Structure formats: structure tokens, C-alpha cells
Amino acid sequence: MARWPKPAEGSWTKHFDLDTAPISYEDSTSPEFYELERDAIFKKAWLNVGRVEQLPRKGSYFTKEIQVTNNSIIIVRSGEGDSEVRAFHNVCRHRGNKLVWDDNPRDETAGNCRQFTCKYHAWRYNLDGSLNYVQQEGEFFDLDKKDFGLAPVHCEVWAGFIFINLAEEPEQSLVDFLGPMVTNLEGYPFDKLTERYYYRAEVGANWKLYMDAFAEFYHAPILHAGQTTKAFASAAAEAGFEAPHYQVDGPHRLVSTAGVVASGMPPEMRRPMEDATRSGLFGPWDKPEIEWVDPPGLNPAKCDPWGLDSFQIFPHMVLLVWGGGWYLTYHYWPTAHNKHIFEANVYFVPPKNARERIAHEMAAVTFKEYGLQDANTLEATQISLESQAVKTFALNDQEVLVRHLHKVVADKVEEYVQQSRVKVDAP
Ligand code: FES
Ligand SMILES: [Fe+2]
């Protein structure tokens with residue numbers, strides 16, 4: 001008998017009105033499909049590019065290279081408050097030089113400045129994007145500086161997460177786009193979890209394949225077995241994985257998992273390093289001592305015991321909130337049909353002492369190791385999918401969110417193709 005009840009329809013897959021037939025991964029191997037995703041998805045959706053803590057004071061900025069849309073974006077704080085977080089195309093209005101970069105024009109950068117000065121002919125821009133200085137201005141012809149500010153990009157902040165939208169006019173506000181499943185997390189103390197560990201990797205797999213690896217935990221007891229003691233790995237493999245709760249809201253997804261109290265496990269289930277650091281597989285064992293307000297969107301089904309909520313925010317972000325009082329984000333930035341850049345950020349309440357710091361470091365390196373195990377496997381998956389030797393693949397009910405992502409992507413691309421056709425056909 002199942003440990004967690006299934007919905008009345010008998011399965012999560014049917015509950016969300018999804019098909020149960022095997023699926024094709026042509027959407028992850030086709031260069032043509034990737035070309036469509038650029039416009040149909042990445043130029044239309046709100047994309048999280050970072051957090052407000054990355055812009056601590058007026059003049060703080062960072063750049064974001066978004067290869068899938070061919071853009072470089074400057075995100076800058078021009079004053080206090082979320083409305084002063086702005087985004088601009090990183091393109092000088094004089095002759096198009098990239099405005100902000102350091103040694104290599106393709107690398108992202110960050111810093112603090114009073115204004116942006118172009119390296120080519122020294123045009124200068126204020127933090128609000130307006131052009132304030134043109135060298136030898138008298139040589140130009142009727143140039144009105146007001147007409148040559150940086151090209152703005154739609155930028156909104158929710159709960160400290162900075163999102164941009166590359167559409168001329170976004171179809172929805174950020175809050176409407178995120179929908180209640182995500183925005184009901186408002187009130188979680190993201191602003192107090194400011195100790196950040198970051199890493200990135202270029203992965204030789206389609207971006208959706210890595211999203212899939214965080215949309216299901218069916219693989220966890222198997223693929224990540226080597227990361228635990230033999231006793232833990234065999235118990236986990238025997239138990240298998242079952243989520244107490246899945247949810248979808250528009251293009252976004254959620255899986256909640258049951259909790260494990262690491263300190264309460266028998267000693268043979270734990271590694272000596274975990275005992276020494278009081279941290280590891282499930283993060284730090286001790287919840288930080290701050291006032292916790294659990295917003296309604298956290299553990300929405302009130303699973304007990306509860307371990308974590310993994311929110312998959314369309315198209316390319318995972319926000320994973322742990323019961324132990326920490327969270328992480330993953331981003332998958334496509335660079336080709338069979339490559340993407342994976343970024344991971346792990347956030348904690350800043351440590352009060354060395355022991356807490358070590359517990360955080362232990363959690364961060366543990367998650368990096370997980371990520372590398374997933375990434376390595378996904379390169380193998382990409383290679384084998386590209387052989388086209390097998391066309392369809394089975395998905396079980398614990399992989400329901402995998403099915404949902406591929407369906408949402410297919411629907412968005414289809415809708416875009418239909419709209420473009422209407423435009424072409426229109427007189
Ligand atoms: S291209 Fe920037 S000042 Fe000329
Ligand atoms: Fe994994």
C-alpha cells in the first residue's frame with residue numbers, strides 16, 4: 001500500500017490531466033526546436049537574474065549574459081527601494097559597443113560605480129540610464145542627449161528576487177506571471193538568508209533535461225547512492241521514493257518531500273563527516289535561531305513530516321526551500337540545443353560562529369557534489385538521446401512534473417508558431 005495517498009483520480013498524472021503515454025525528447029535534441037524556444041519562451045517569460053542583496057547600495061550593478069536571447073543586460077541599483085532596481089541592454093547608444101565589461105567581453109561582471117562610461121569614445125550614462133556626457137558633442141548633428149539613454153529592459157522585484165522580461169510589452173505583470181502557488185511564499189525570510197555560496201558549470205545537455213533531474217526524486221536513491229553510507233543507500237533504494245504532494249499552477253510546478261531528521265538516524269546511516277559537522281545530505285542539522293514565519297505557500301499540503309518544497313518557476317529556475325531553515329536556487333541558462341550553463345546558489349542565515357560556518361560549507365559542497373553527479377549523467381543522456389535510436393520513453397507517476405514541463409514547453413512553442421503564422425498570413 002502506498003505510504004502517501006494519491007489523488008482521487010488514482011494518480012498525480014491523471015489528477016493534472018496529463019497523458020500517461022511514453023514521451024519523446026525531440027524537444028531536447030532538435031536545433032530547430034531550440035530556435036523556437038528562444039522566441040516562444042525566453043523572450044516572453046519573466047526570468048530571474050539574481051537577488052537584491054547583490055545590489056547592496058546605490059551604484060551597485062551586475063551584468064547577465066543571456067545567450068539564449070542574444071542579450072547582455074546591466075542590472076543596477078539607482079537608489080533605495082525595489083523600484084530603483086533597473087535593467088538595461090548593455091549596449092552603448094553611440095556605436096553599439098558593449099558598455100560594461102572587464103577583461104573578456106563575454107564574461108559577466110559586477111561592481112559599484114557612479115555612472116557608466118563607454119570604453120570606446122567615453123559617452124557616459126547615469127545610473128537611471130540617461131545619457132549625461134558626449135565627447136565633442138558639437139561635432140554631432142542635432143543630437144539631443146534625451147533621445148540616447150540606455151535601452152531599458154522590464155524589471156520587477158518579488159520577495160527580493162529580481163526578474164527581467166525581454167518582451168517589448170510583457171503579457172503579464174511579474175506577480176500575475178508567478179501566480180499564487182509561488183507568491184504565497186511571500187513573507188519567508190529570504191532577506192535574512194544572506195550568506196551565499198555560488199557555483200556554475202557548463203553542462204553538455206539540453207536545459208530541460210537538467211530541470212527534469214530536479215523535478216523528480218525517483219533517481220535520488222540510485223544515482224546519488226555513493227554519497228551516503230551503504231546502510232543508508234540500501235535502505236533508500238529499497239524504500240524507493242514517493243512524494244507526499246505535487247502541485248502545478250499555470251506553467252510552474254511544486255513537489256514537497258517528506259522530512260528526515262538526520263540527527264535521529266541510526267549511526268550506521270550517517271557518515272563520520274556528517275556527525276563532525278552536523279550537516280550534509282539534508283543541509284545543516286540545526287535550524288538557525290531567527291524568528292520563522294512560515295508563509296501559507298510553504299508546505300501547502302501541510303505534509304507531516306515535511307522535508308522541503310521544490311518550486312520550479314517557469315521556464316528555467318528552481319527555488320528549493322528546506323524545512324531546516326535554508327534554501328537554494330538553480331538556474332539553467334540555455335546556450336545551444338545540447339548545452340546550458342547551470343548556476344547554483346545556496347543561502348543560509350549568516351553564521352554566528354565557526355561551527356555554523358563549517359556546517360554551511362559542508363552543505364554547500366554536498367550540494368555541489370550532487371549537482372556534478374546529475375550533470376555528468378545528463379551529458380550521457382543527451383548523447384544517447386541524440387542517437388535517435390529510441391524515440392519514446394516511459395515516465396512514472398513520480399515523474400509527473402517532468403511530463404508537465406515538456407508539455408508546457410510544447411504548448412508555448414505551438415502557441416507561438418500559431419501566432420507567427422497568423423501574423424504572416426494577415427494582409
Ligand atoms: S561606442 Fe560607446 S562611446 Fe562610442
Ligand atoms: Fe539528483
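Colleague: Which protein donors does the iron ion (ligand 2) have?

Modeller: This is a predicted model, where local features need pLDDT of at least 70 and side-chain atom pairs count only at pLDDT 80 or more. Residues are numbered from 1 along each chain as its sequence is written. Donors are N, O and S atoms within 2.8 Å of the metal (3.2 Å for Na, K and Ca); water is not among the atoms, so sites may look incomplete. Here they are H219 (NE2), H224 (NE2), D374 (OD) and D374 (OD), at 2.1 to 2.5 Å from the iron ion (ligand 2).

Colleague: What spacing do the donors follow along the chain?

Modeller: The pattern for the iron ion (ligand 2) is H-x4-H-x149-D. H219 sits in the loop between helix 4 (207-215) and helix 5 (220-223), and D374 in helix 8 (residues 354-386), so the pair ties together parts 155 residues apart in sequence. Helices (H or I, at least four residues) are DSSP runs, as are strands (E, at least two), numbered from the N terminus.

Colleague: Is H219 buried or exposed?

Modeller: Buried means under 20% relative accessible area, exposed over 50%, partly exposed in between (1.4 Å probe, protein chains only). H219 is buried at 15%. D374 is buried too, at 3%.

Colleague: Where is I341 placed?

Modeller: I341 belongs to strand 17 (residues 339-348). Its relative accessible area is 11%, so I341 is buried.

Colleague: Which residues does I341 touch?

Modeller: Contact means heavy atoms within 4.5 Å. Not counting residues up to four places away in sequence, I341 touches Q67, R200, A201, E202, H331, Y332, W333 and T335.

Terms used
Chains are lettered from A and ligands numbered from 1 in the order in which they are written. Side-chain values use heavy atoms; hydrogens and water are left out.
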